[in-house]
Amino acid sequence: MSALEDMKAVNPTVLDVRALTDIADTLIVASGNSDRHVRSIADRVIEYSKKAGFRPMGVEGERDGEWVLVDLHDIIVHVMLPRVREFYRLEDLWDVSAAARESAK
């Protein structure tokens, strides 16, 4: 999270998805103000993870910078432009409490 804070990421959200999937334990979703900002935030996440001894399994979307995904094994970081984040609404898709409310209906 400090990489996101250092780069002034907008509205970072941490989701515990262990109850929903085996691909990761945590999803982090944050926004950047421009494609350059999105790429810079993702680059900082990668830099901090390497310093901590974790090499990303994969990075997608760096070329366009609208949505960059950084796969850190048990943590997946999504950095997006606000319009992309609003369109895909990952927080709603992966929110455990929202999923529980829907299944209770």
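Entry 1, Glu91. The model is a predicted one, and I noted that before anything else. I began with the contacts of Glu91, leaving aside neighbours within four places in sequence: Thr13, Leu15, Val29 and Arg85 are in contact with Glu91. I then looked up where Glu91 sits, and found that residue in helix α4, which covers residues 90-94. Is Glu91 buried or exposed? Its relative accessibility is 17%, and buried means under 20%, so Glu91 counts as buried. I also checked its side chain, which is joined to the side chain of Arg85 by a polar contact of 2.4 Å.

I placed Ser31 in strand β2, residues 26-31. With a relative accessibility of 4%, under the 20% limit for buried, Ser31 counts as buried too. Which residues does Ser31 touch, not counting those up to four places away in sequence? I listed Ala9, Val10, Ile41, Met80, Pro82 and Arg85.

I looked up two residues with positive phi. His73 is not a glycine, yet its phi is positive, at about 75 degrees. I found His73 in the loop between β4 (67-72) and β5. Its relative accessible area is 35%, so I wrote down His73 as partly exposed. Arg89, also a residue other than glycine, has a positive phi near 45 degrees. Its place is the loop between α3 (82-88) and α4. Arg89 has 42% relative accessibility and therefore counts as partly exposed.

How much space lies in the largest pocket? I noted about 310 Å³. The lining of this pocket has 15 residues, and Met1, Val45, Ser49, Leu72 and Ile75 are the closest to the centre. I next looked up which elements supply the lining: α1 (2-6), α2 (35-51) and β5 (75-80) each give at least two residues. Last, I sorted the lining by class and wrote down eleven nonpolar, three polar and one charged residues.

Technical notes: Residues are numbered from 1 along each chain as its sequence is written. This is a predicted model: local features need pLDDT of at least 70, side-chain atom pairs count only at pLDDT 80 or more; totals for chains, interfaces and linings use all residues. Side-chain values use heavy atoms; hydrogens and water are left out. Helices (H or I, at least four residues) and strands (E, at least two) are DSSP runs, numbered from the N terminus. Buried means under 20% relative accessible area, exposed over 50%, partly exposed in between (1.4 Å probe, protein chains only). A polar contact is a pair of N or O atoms within 3.5 Å; within protein, one must be able to donate a hydrogen and the other to accept it, and residues adjacent in sequence count only if both atoms are side-chain atoms. Contact means heavy atoms within 4.5 Å. On a 1 Å grid over the protein atoms alone, a cavity is a set of points where a 1.4 Å probe fits but cannot get out, and a pocket is an open set with protein on both sides within 12 Å along at least five of seven lines; lining residues have an atom within 4 Å of a point. Grid points are joined across faces, edges and corners, and a volume is the space filled by probe spheres set on the points. Ala, Val, Leu, Ile, Met, Phe, Trp, Tyr, Cys and Pro count as nonpolar, Asp, Glu, Lys and Arg as charged, and the others, Gly among them, as polar.
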